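I opened this entry to record what I looked up, item by item. The sequence and coordinates come before the notes.

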Protein chains: 2
Amino acid sequence: MKKTSFQHMPCPVAQALEVIGDSWNVLILREAYYGAKRFDDFAQALGIPTNTLARRLKELVAGGILERHPYSEKPTRYEYLLTSRARDLRPLMLVLLQWGNRYGNMDAARTMLVDSYTGEPVDLVLVDRVTGLPVSSRHRVLRQRHGSPTPHSFAFPEPEAEPG
Amino acid sequence: MKKTSFQHMPCPVAQALEVIGDSWNVLILREAYYGAKRFDDFAQALGIPTNTLARRLKELVAGGILERHPYSEKPTRYEYLLTSRARDLRPLMLVLLQWGNRYGNMDAARTMLVDSYTGEPVDLVLVDRVTGLPVSSRHRVLRQRHGSPTPHSFAFPEPEAEPG
């Protein structure tokens, strides 16, 4: 099944999804965060067929998420290093981590973000860096759609969904 | 191509990805945030084949992301409403939005999160709700892997990736 391209969708969410690719690529990225660099690191951690892994690594390099660098000659072997684009995707990993811990199968809850100083798990909240205010019904996502004079928008989160 | 199930992976990120499904499902969720409720709303906004859309909506209902409610009798028609699980996925949408605006095709940058009071775009940062501290190299993701006595971990973000 050929993956549909989101490349020409005028939406940054679609753009991001286009570069990230599918769920397997997110797990490859996860392993890179944990320190995987070499093909065999990823293959062992993820247990996916090598031809599939090779294709996915190529996608992530093409998307500027990973950079391929030689680490040996004769034969030339490459390792895959995180780019700054990839580091900027870590919030994606963390929000998936938090949601998965909350709603996923509880056996999975052995992975968590902790504060190294206190040892406490972190309860993540998105905040406006400028005002310091948590994202709330005060904030709205605005989008201008083709052929629509007024932007669509939604409040985030809906007041009834406010935490605590 | 049968999608591999992440259901039994002991990782909350994989668990979250399993429920969310693929990129198209994220776009369906996006439309639900914008107010789409009925099959035709989603079909029109996304332009995907109706059989594909029907299958995806069923997946999202099965995953507890959408709830199906009848809105008319004779014929019975249903609308798809966001659940609290879905509202808790909005941070996912926002981090994708921010990343896509930063790194995606610039034509896409017409969608943004704004502060309704100031009209300013929001620069999102993840903060520990308890300490109020932005996620930094002080924080670590810890995971216990099968058959590994010591947990794997990574700092988030790496110090050199610290913003500003």
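**Basis.** I worked from a predicted model, in which local features need pLDDT of at least 70, side-chain atom pairs count only at pLDDT 80 or more, and totals for chains, interfaces and linings use all residues. Residues are numbered from 1 along each chain as its sequence is written, chains are lettered from A and ligands numbered from 1 in the order in which they are written, and side-chain values use heavy atoms, with hydrogens and water left out.

**Chain A overall.** I looked up the secondary structure of chain A and found six helices and six strands. Helices (H or I, at least four residues) and strands (E, at least two) are DSSP runs, numbered from the N terminus. Along the sequence of chain A I read the order α-α-α-α-β-β-α-α-β-β-β-β. Of the 164 residues in chain A, 47% are buried; buried means under 20% relative accessible area, exposed over 50%, and partly exposed in between (1.4 Å probe, protein chains only).

**Helix contact between chains.** At what angle do H1 of chain A and H6 of chain B pack? The angle between H1 (residues 12-20) of chain A and H6 (residues 90-103) of chain B is about 85 degrees, and their axes are 7 Å apart. Axes are lines fitted to C-alpha atoms, for helices over the stretch in contact, and angles run from 0 to 180 degrees between N-to-C directions. H1(A) and H6(B) are therefore roughly perpendicular, given that angles under 35 degrees count as roughly parallel, over 145 as roughly antiparallel, 65 to 115 as roughly perpendicular and the rest as oblique. Residues making the contact include Ala16(A) and Leu17(A) from H1(A), and Met93(B) and Trp99(B) from H6(B).

**Aromatic pairs.** I counted four aromatic pairs over all chains. Rings of Phe, Tyr and Trp (its six-membered ring) pair if their centres lie within 6.5 Å; planes under 30 degrees apart count as stacked, over 60 as edge-to-face and the rest as tilted. Phe6(A) and Trp24(B) have ring centres 5.0 Å apart and planes at 80 degrees, so I logged the pair as edge-to-face. Phe6(A) lies in the segment before H1 of chain A and Trp24(B) in helix H2 (residues 23-33) of chain B, so this pair joins two chains. Phe6(A) is buried at 2% relative accessible area, and Trp24(B) is buried at 10%. Trp99(A) and Tyr103(A) form a tilted pair, 5.0 Å centre to centre with 45 degrees between the planes. Both lie in helix H6 of chain A, four residues apart, about one turn of the helix.

**Two residues of chain B.** I found Gly104(B) in the loop between H6 and strand E3 (111-115) of chain B, where it is buried at 11% relative accessibility. Beyond its neighbours within four places in sequence, Gly104(B) contacts Gln15(A) and Trp99(B). Pro91(B) is in helix H6 of chain B and is partly exposed at 22%.

Technical notes
Contact means heavy atoms within 4.5 Å.
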